[in-house]
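Colleague: Before we discuss this model, could you put the sequence and coordinates up, and then take me through the contacts and the surface one topic at a time?

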Amino acid sequence: KGQGVGKRLLDAQIARHRPNTLRLFVNRLNFPAVNFYFKQGFEIEAVQDTDIGQGFFMNDYVMIRRFGGTHATGR
């Protein structure tokens, strides 16, 4: 944590796959992860509660980052 590993891994995947849009699910109570993705240019697209059975739910933000024709990796 705090050493830039997450950013380097995310940047490597973006460079490798060159997506137009990247969408992910982040637990709403995982504040460090939510803030990390905000810093990487993601926005909250939706709030989603998914029933995973036996009375348990995944309470997520659906976060999205769009790249357009050419994308930057935030450097």
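Modeller: Helices (H or I, at least four residues) and strands (E, at least two) are taken as DSSP runs, numbered from the N terminus. The model is predicted, so that local features need pLDDT of at least 70 and side-chain atom pairs count only at pLDDT 80 or more, while totals for chains, interfaces and linings use all residues. Residues are numbered from 1 along each chain as its sequence is written, and side-chain values use heavy atoms, with hydrogens and water left out.

Colleague: In what order do the elements of the protein chain run from the N terminus on?

Modeller: The protein chain holds two helices and three strands. Its C-alpha atoms fill a box of roughly 40 × 30 × 20 Å along the principal axes. Read from the N terminus on, the order of the elements is α-β-α-β-β.

Colleague: Which element gives the largest share of the lining of the largest pocket?

Modeller: A pocket here is an open set of points on a 1 Å grid over the protein atoms alone, where a 1.4 Å probe fits, with protein on both sides within 12 Å along at least five of seven lines, and lining residues have an atom within 4 Å of a point. The largest pocket holds about 180 Å³ of space, and the residues K1, G2, Q3, G4, V5, G6, P32, A33 and F36 line it. Two or more lining residues come from each of helix 1 (5–17) and helix 2. The largest share, three residues, is given by helix 2.

Colleague: Is F42, which pairs with Y37, buried or exposed?

Modeller: Rings of Phe, Tyr and Trp (its six-membered ring) pair if their centres lie within 6.5 Å, and planes under 30 degrees apart count as stacked, over 60 as edge-to-face and the rest as tilted. The rings of F36 and Y37 have centres 5.0 Å apart and planes at 75°, so this pair is edge-to-face, and the rings of Y37 and F42, with centres 5.3 Å apart and planes at 75°, are therefore edge-to-face as well. Buried means under 20% relative accessible area, exposed over 50% and partly exposed in between (1.4 Å probe, protein chains only). At 2% relative accessibility, F42 counts as buried.

Colleague: What is the relative accessible area of D11, the partner of K7 in a salt bridge?

Modeller: A salt bridge is a side-chain nitrogen of Lys or Arg within 4 Å of a carboxyl oxygen of Asp or Glu, and K7 and D11 meet in one at 2.9 Å, N to O. Both residues lie in helix 1, four residues apart, which is about one turn of the helix. K7 is partly exposed at 25% relative accessibility, whereas D11 is buried, with a relative accessible area of 5%.

Note on methods: Points joined across faces, edges and corners; volume = space filled by probe spheres on them.
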